[in-house]
Amino acid sequence: MSNPDVEAGGPARAAPATTGIKPPPGRYNMASNGNGNGSGNASYVPPSPFYYDNAAAHERHHWSWLVPLVVIANVAMFVVVMFANNCPRGGGDCVGRGFLRRFSFQPLKENPLLGPSAATLQKYGALDWYKVVHGSQAWRLESCTWLHAGLIHLLANMISLIFIGVRLEQQFGFWKVGLVYLVSGFGGSVLSVLFIRKGVSVGASGALFGLLGAMLSELITNWTIYTNRFAAMVNLIIIAAINLALGILPHVDNFAHIGGFATGFLLGFVLLIQPQFGWLEQPFGAKSKSKYKAYQIILLLLALVLLAAGFAVGLVMVFRGENGNDHCSWCHYLTCVPTSSWKCDN
């Protein structure tokens, strides 16, 4: 099994004071031989420093419960996988064997992230091209986003999810953020399995990048209700660019990042649209302004068309067994760029 490597995601959407949060590591491509901000005080909700309408900011505050539940589910899944992995059963120099017993980690030379073997991950739902296409196991396109390559991988992803997801859930509610998270993870997996045919891939980074993409599109479509918007946009673009650039390292599934980001970016135009500035202040029954601006509706419709077309084309190509690299000779450089220090094997 090759050593899995880490990539980064993005920080929480917020005021300038929060832009120093470290970006999240997330999605791993592991070689295989085929084998808190809680809801806070309910009586007072500090409005976003970017938001013009304080009353609307208060009104849109939601209690965050879905993101903590997702974190708990991911931790529970990691515990189950480690229990099933049972490193001592196979012998070898298991890490922490003396006190962790069957929960001990695979040897560091096999998995430096303190986790299970690639075979165990594959058994429990890791993304595997052959099993998805020829084994009628399409469920792996989503199940892989609930698995993690190791304890380090899990902690980095869950901390990042808390920083990003809690704030978004507080502003937009659980079902919108949950939908962006799930669909973005799925979208990242579709693009990944279309281009990567070797090894197994796990991690929630496609979903995390989806939240980052949704933050960017939400800023664009709700442009008129924010202040400091240019600074916020530049910050988000730089963060996304740096984190995607880290995906060119070997054994990092950057296709999952790109697919997740693109999916979340389009979903943000659809799900995170908000009324234009001043609409809520109009007297009841005498609203002269339309709820949304024309450009918001245009972006929403365009995003819906692109989402439908993208998923339709991508899924048809996947289940027909087509290799994305045959249609894009340079795309493999998006996930790994060979250097004198490492090689990229398809």
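Analyst: First a term: helices (H or I, at least four residues) and strands (E, at least two) are DSSP runs, numbered from the N terminus. This is a predicted model, where local features need pLDDT of at least 70, side-chain atom pairs count only at pLDDT 80 or more, and totals for chains, interfaces and linings use all residues. Residues are numbered from 1 along each chain as its sequence is written, and side-chain values use heavy atoms, with hydrogens and water left out.

User: How many helices and strands does the chain have?
Analyst: The chain has 13 helices and 2 strands.

User: What percentage of the residues is buried?
Analyst: Of the chain's 346 residues, 51% are buried. Buried means under 20% relative accessible area, exposed over 50%, partly exposed in between (1.4 Å probe, protein chains only).

User: Which residues touch the most other members in the largest nonpolar core?
Analyst: They are Leu161, Leu168, Tyr181, Leu211, Leu212 and Leu219, in a core of 46 residues. A nonpolar core is a set of buried Ala, Val, Leu, Ile, Met, Phe, Trp, Tyr and Cys residues joined through side-chain atoms within 4.5 Å.

User: Which element gives the largest share of this core?
Analyst: That is α9, with 9 residues. There is also a second, separate core of 16 residues, with Leu141, Phe195, Met317 and Cys328 among them.

User: New topic. Where is Tyr226, and is it buried or exposed?
Analyst: Tyr226 sits in the loop between α9 and α10. Tyr226 counts as buried because its relative accessible area is 1%.

User: What does its side chain make a polar contact with?
Analyst: The side chain of Glu218, at 2.5 Å. A polar contact is a pair of N or O atoms within 3.5 Å; within protein, one must be able to donate a hydrogen and the other to accept it, and residues adjacent in sequence count only if both atoms are side-chain atoms.

User: And Asn111, where is that?
Analyst: Asn111 is in the loop between α3 (97-100) and α4. Asn111 is buried, because its relative accessibility is 0%.

User: Which backbone oxygens does the side chain of Asn111 reach?
Analyst: Among them are the backbone oxygen of Pro116, at 2.9 Å, and that of Ala149, at 2.7 Å.

User: How far is Asn111 from Gly150?
Analyst: They are 39 residues apart in sequence and 7.6 Å apart in space, C-alpha to C-alpha.
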